Every structure is written in C-alpha cells, then in structure tokens.
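This report describes one protein chain for a reader who is new to structural analysis. Please keep the sequence and the structure in view while reading.

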Amino acid sequence: MKLASGHRAFSEAAHKNYPDQTAPGGSLYWAIALASTVDADFSDRFAKPSLRGWNSYLHTRLFPSYPTKMGALAMTYKGLINVKSPFDLALYTRLIWELQPRAIIELGSLQGGSALWFADQMSVLCEDPGEVHSFDLHAKCIHARANHPFLTFHQIDLANVTSFDENLLTGLPHPWLVIDDAHVQVFSIFSNLSRFLRSGDYYVIEDAPMRADNEIIDGLQLVEQKGFLIDTYYTDAFGSNLTCAPNAWLRKL
C-alpha cells in the first residue's frame, strides 16, 4: 500500500540495523508501533453508507471552541481564502499522494485559494500531474494570484446541474478527485457527475453531511445505489468522522 510504504521501509531498516531498539522499551519502538495506525490495507476499510451510523456531526466536534472555529474559517493559502480545516488539509494531502489523481474537480471556487492549493499539491505529490478544474458562479471574486499552469476556473451556475460541459468532463483523464464545497444541489450534481466517474475515483462532499437530516440520509442512500463506498481510512483518520465531510469520502467501486 502506497500510504504505508514509508513506515514499512523505516520498520525494515530499524529491525535490521537496530534490533535491540525496536522491542518494547527501545528508543525506536514507538515509531514501529505507530506504523500499525497508518496501515491503510485493512479488510473493512471501505464501508457501505447504510452500515454507518447517522448522527448529527456538528461543528462542535471539529471546532470545540469559537476561536478554533474562527481560526479554521480564517485559513489562507498564499494569502488567499482557503476555508478548510487543518484535519481536512492533511487528509487531502494524503489522498492526493495515494490516488495520484489526473484530474481534480472542485465545486465552489470562492477566491481561488483552495483550487490553487490543490494545484500546488498535485504538482508536488503526483508523479504525472494532471489538471485542476474549479467551478463557481461568482467568477469575478477569483483573485488574480490564483494562477497555476494546471488550474482552470469555469463560471457556471451550479444550481443548474446541466450547465457542465460534458465534452470537457468526457475528455478529462482519470483517476478523478471531485470535491463539492458549493453546497448547491448537492445530490443532483452528484447524480449528474457520477455518470462520468470510473472505478477508483473519489468524490468528497464537504460540510453538508454534518446536518445528517433526511435530505442527507436519502442522498447518501443514493450514493450507495450509484456504487460508491465510504473510505473510512479518511473519515476516521483522526477519530470517527472528525472531518468536514463525515461519511462522505466516497470511492467508486
């Protein structure tokens, strides 16, 4: 498994060269033990949405105090707004490394800071960097500094699920990472875009699943019907659903 390769290499080197320090009580034992917590190769990693409990995952879990919440909402990247929690930024970095996406599709551009972050992450982490496409209605809010050779912004009305350029989507290379941070017609857009996703592609729905109301529960039943599973390696990496996308790091079968 790509994610565990570094820990595996360290464990092998430590056992070979410092065997007395890898046993309990040894100075390297903690690092050896840590490897098991990042092992992504476990049998029940991918779960059906219907088998996960549905509770209301409120911001109080992710942001236990007002200053913490405000600090996360004030996150910037290269001076541009990038409203993502530190947990989710770490998770996206991990997923981009594991998935090696050839296309990242972002719904909701805001100022362009998050799209620029994704483009930079792709350029650093991907052996064969691809394209980042960010979609939003308010294109004039995108800052001039949100500029990258891998990045393209598109002005569309996400309330109209038919406004996507199907020729563009059909031509994008796979695997895909789709991030919905627009909170508009969430499951209608998912149903439309899922037609273009292939096995192994990811679709992350931010913020909306925190409500866990009837719309979300029904929508995630649709997710299962469309052949997607929850990747619990990402939803539970820092604790059960400690993410802005609870039960919504989704992988197509």
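The term salt bridge denotes a side-chain nitrogen of Lys or Arg within 4 Å of a carboxyl oxygen of Asp or Glu. Side chains of opposite charge can pair when their charged atoms come close.

The two partners lie 186 residues apart and link distant parts of the chain: Asp-231 belongs to strand S9, and Arg-45 to the loop between helix H2 (29-34) and S1. Helices (H or I, at least four residues) and strands (E, at least two) are DSSP runs numbered from the N terminus. Both Asp-231 and Arg-45 are buried; buried means under 20% relative accessible area, exposed means over 50%, and partly exposed lies in between (1.4 Å probe, protein chains only).

## Other salt bridges

The structure holds 10 salt bridges in total. One of them joins the side chains of Arg-102 and Asp-128, at 3.6 Å from N to O. Here the partners are 26 residues apart, Arg-102 in the loop between H5 and S4, and Asp-128 in the loop between helix H6 (113-125) and strand S5 (131-136). Arg-102 has 23% relative accessibility and therefore counts as partly exposed; Asp-128, at 47%, is also partly exposed.

Arg-211 and Asp-213 form a salt bridge as well, their closest N and O atoms being 2.9 Å apart. Arg-211 is partly exposed at 40% relative accessibility, and Asp-213 is partly exposed at 28%. Salt bridges with shared partners also join Arg-45, Glu-98 and Asp-231 into one network.

## The sheet and a helix across it

Eight strands form an open sheet with mixed pairing, in the order S1-S9-S10-S8-S7-S4-S5-S6. Strand S1 (46-47) and strand S6 (151-155) stand at the edges with a single partner strand each, so one side of each has no neighbour in the sheet. Two strands pair if DSSP finds at least two bridges between them. S1 pairs with strand S9 (residues 228-231) in the antiparallel sense over two bridges, and Phe-46 stands opposite Asp-231 in S9.

Helix H5 (residues 86-99) lies across strands S4 (103-107), S7 (176-180), S8 (202-205) and S10 (249-252). The helix runs at about 160 degrees to S7, where angles run from 0 to 180 degrees between N-to-C directions of axes fitted to C-alpha atoms, for helices over the stretch in contact (heavy atoms within 4.5 Å).

## Basis of the values

Residues are numbered from 1 along each chain as its sequence is written, and side-chain values use heavy atoms, leaving out hydrogens and water. For this predicted model, local features need pLDDT of at least 70 and side-chain atom pairs count only at pLDDT 80 or more, while totals for chains, interfaces and linings use all residues.
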